[in-house]
Amino acid sequence: MSYNFKQIENKWQKYWSDNNTFKVNNNSDLPKFYVLDMFPYPSGAGLHIGHPLGYIASDIFSRYKRLKGFNVLHPQGYDSFGLPAEQYAIQTGRHPKETTDENILRYREQLDRLGFSFDWSREIRTSSKDYYKWTQWMFIKLFESWYDNEKNKARPINELVSIFKMEGNKNIDARCDDGLESFSSSDWSSFSELEKNKILLGYRLAFLSEIDVNWCPKLGTVLANDEIIDGLSERGGYEVVRKKMTQWSIRISAYSQRLLDGLNDIDWPDPLKEMQKNWIGRSDGAMVSFDIDNFDDKIEVFTTRVDTIFGVTFMTLAPENPIVKKITSKENLKSVLDYIKKTAKRTERERMSDLKSISGVFTGAYAIHPFSNEKLPIWISDYVLAGYGTGAVMAVPCGDERDYNFAKFFDIQIKNIFLDVDISQEAYTNKDGFVLTNSDFLNGLNFKDALKLAIKKLNDLNKGRHKINYKLRDAVFSRQRYWGEPFPVYYKDGVPVMIEEDYLPVALPNVNKYLPTEDGKPPLGNSQEWAWDIVNKKIVKNSLIDNKTVFRMELNTMPGWAGSSWYFNRYMDPKNDNNFVSSDALNYWREVDVYVGGSEHATGHLLYSRFWQYFLYDLGLVPVKDFAKKLINQGMILGNSAFIFREVGTDNYYSKTIEKDVKFQLVHVDVKFVNTTDELDIEGLRNWQPQFKNATFEKKDGKFLVKREVEKMSKSKYNVISPDQICNDYGADTLRLYEMFLGPIEQSKPWNTAGISGTFSFLKKFWNLSHKSGEFSVSYDKPCKESLKILHKTIKKIEEDINDFSFNTSVSAFMICVNELTSLKCNNAEIIKTLTILLSSFAPHICEEIWSKLGNKESITFQSFPDFNPDLIKEISIEYPVSFNGKMKFKINLDAAASVDEIISKISCDERLGKFLNGREIKKIIAVPGKIINIVC
């Protein structure tokens, strides 16, 4: 029979499913190995050809580890809360759960078709009540914890209360809100329960605060910075503005230094580590206090260049800084308010990246220099961010480029404090190569010495102190949307109270519409039953709220990263109703050994997950602080987009070979209408979209060719290739091999369907090693030395490549091996058996089929990886080039183990010497074993 991939793949996918081949248990005597993919969001579009890249790589490694004798956990699930399902619900009225469940069925069908060895008995969905019960439980743990700076860890809040009872808060070194008043133990005893709860809210790791957020009116929710692109929402491309809102936040900033230090303990890609370092953004400097003329308030400024303090000529505040409106003069108030409103339409990311625009407004107020007592005009500008540092900058135009440009633009004084340095054209930003002048007691000092002395003097005057600052801010943990985890929270006297753990999960209620309410409340405000009865311990109708026994519940839901920050632990014990994971399972699996996913999650999921694991570790809930030992970042498979040329203002379209001198715009067309020679199916295009129905298409030489361009694979670019299409035409094994063959796993590479035929041909060649005239045919004779040599060279290469995740070179090695065995006409059963095991991690379906044809009843999954025998690849003989005075004339085969003397003896007796000596005498014979023979004559 010929290689019928459809029949073979259907057969073995059914076998694996029926026999639970990849189901794993938690009490094996085998060593454990945990391989995990970043789990997908189940979108309505299903998988495209780029999505399986990381899954294929992790599956190869999982199958390899099983062959090496490990008990392999390789689970899969779905990050199933998310905005796309909610937006679809808003448009159609269908519940997000319905569409999410449908999408998951589609994903599962596609994933199964690719032959992945997932343990589906452990499937999790973040939108399942059984799962988000534990997300809610962990939120309560965060609420019931505080961060002890002295012990550098999170601790239960009741331990903090005990300290307050004994000694108040005067000696507490905790991560907490700014501006908390100190109190004694007797003060604490005299406080009411309401007052105590409000004080504790300033210490909790999960807390409420009024903060500036990225608000998207169209989506009706707050967005994280990584959900915004060029000032618009990633989802839908809607306008985003800055707005103050009371939000749940998590004190991730308390973990800044630990998250930095912990990067040294994990085997993650260096570029990704660098991204996290920059995001956390540690800065070593000073906190300086500036008085404000005619006000009791002060401006606190963090700076890394306090050595330049005598170069300060003005102050700049973030427009959102709460002190701005208070200190602004009447004459300047309108322009200040207009500027604040204008700035609110720009995201922080836009403001940080915009280095060219210069804008700002003078407030009319003045700060007082801490040393010289000079008056410094106070401006506001959007290049200062409220969330970084203190939202204020001491502007030193001679030493900072942005301050310099700002001062030039608004004609503000620029004072030169660098001796013999020209600042007439630009600021001097170096930290070396200068000594200070015009700087009072700092004159004549360099950067390092001036920095130390300036901090000391500020400290002596009680005007400043040494400070380490971080860019990492506390994480906003609220979303004004429906499709997310509900908070297990109700409000009593305006203070949040946690619903008892025994009554979790707090299930997401049904609502009649998914938009915010008419008065602007989040979508949960549309529910008629969203109040907590503290007597009967259940959710009841809102009409029963009396603020005595029935209270309003939190209307926000948790962000998308809540459920994805700990899911790797749940896979260890996904059916446990009593714990998020049992201690036995945690102590067996411990952490992920290899985690595979994209680097685009560096400052989102991967940072939040590290924090979450650290927190659980602090409370003794997990045995290790790092959730993943090793991380592999896979690159993207890029789409090969197709464009046609449209004459502007007309319905005329032209081939890429157009020679007319008219104005054109490029228009994407679906790649499904383009053949392998870039020719467009015009009739298919006409039936695709109405704008092409009656359009004119001008061909060149009888053809209409498209322009090609490599871009990110995306539905909007019409360059998506479905894996279903490739599986139909070539099979899953071919797809798996081809995606690995395209290039190194960590690099992005363009998809080219035309190249897949070579991989398909390789599998047919492999099939034909054990088939003759359509029938299975192998020899049981002893294998020849040459075939064993070919096989063991391949074993060595494949094992090295798999451990290096160099799967592209593995596929090349397999191709070379099969070509060489084909040349030998090898159909030896022993060789084919070993090669089949070797290839089974990459192409499991065809290997299972050949394995069964060899008479095996058990799946190839649990066989042993072949042992490499170095003796079998040793060369028996070596072909030496023989040169005369450096010019090669002939070759000679000699024993590979021959010594120099033996080589010289053999060549001296060779009858071909006379022909090339041509009567000359041999002066010397140079022999290098294993390489060359050179005769000097």
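1. Proline 505 sits in the loop that links strand E20 (495–498) with strand E21 (531–533); helices (H or I, at least four residues) and strands (E, at least two) are DSSP runs, numbered from the N terminus. A cis peptide bond, with omega of about 5 degrees, joins leucine 504 to this proline 505. For context, most residues other than glycine have a negative phi, and most peptide bonds are trans.

2. A word on what you are looking at: this is a predicted model, where local features need pLDDT of at least 70 and side-chain atom pairs count only at pLDDT 80 or more, while totals for chains, interfaces and linings use all residues. Residues are numbered from 1 along each chain as its sequence is written, and side-chain values use heavy atoms, with hydrogens and water left out.

3. Aspartate 493, in the loop between strand E19 (489–492) and E20, has a positive phi of about 55 degrees although it is not a glycine. Aspartate 493 is exposed at 55% relative accessible area (buried is under 20%, exposed over 50%, partly exposed in between; 1.4 Å probe, protein chains only). Asparagine 294, between strand E11 (282–292) and strand E12 (298–303), also has a positive phi, near 70 degrees, and is exposed at 73%.

4. Which order do the strands of the open sheet take? The order is E4-E3-E5, with antiparallel pairing; two strands pair if DSSP finds at least two bridges between them. Strand E4 (153–156) and strand E5 (174–175) are at the edges with a single partner strand each, so one side of each has no neighbour in the sheet. Strand E3 (residues 145–148) is joined to E5 by two bridges, and tyrosine 147 has arginine 175 in E5 as its bridge partner.

5. Helix H3 (residues 83–92) has Leu83, Ala85, Glu86, Gln87 and Ala89 as its buried residues. Their cover includes helix H4 (96–113) and strand E7 (221–223); contact means heavy atoms within 4.5 Å. Glycine 93 follows H3 and has a positive phi, near 85 degrees.

6. Finally, Valine 928 lies in strand E36 (residues 924–928) and is partly exposed, at 33% relative accessible area. Ile926, Val928 and Ile932 make up a nonpolar surface patch with about 200 Å² of accessible area together. Accessible areas come from the Shrake-Rupley method with a 1.4 Å probe, and for residues only the protein chains shown count as cover. Patch residues have over 30% relative accessible area and no salt bridge, with like charges joined within 9 Å and nonpolar side chains (Val, Leu, Ile, Met, Phe, Trp, Tyr) within 5 Å; a salt bridge is a side-chain nitrogen of Lys or Arg within 4 Å of a carboxyl oxygen of Asp or Glu.
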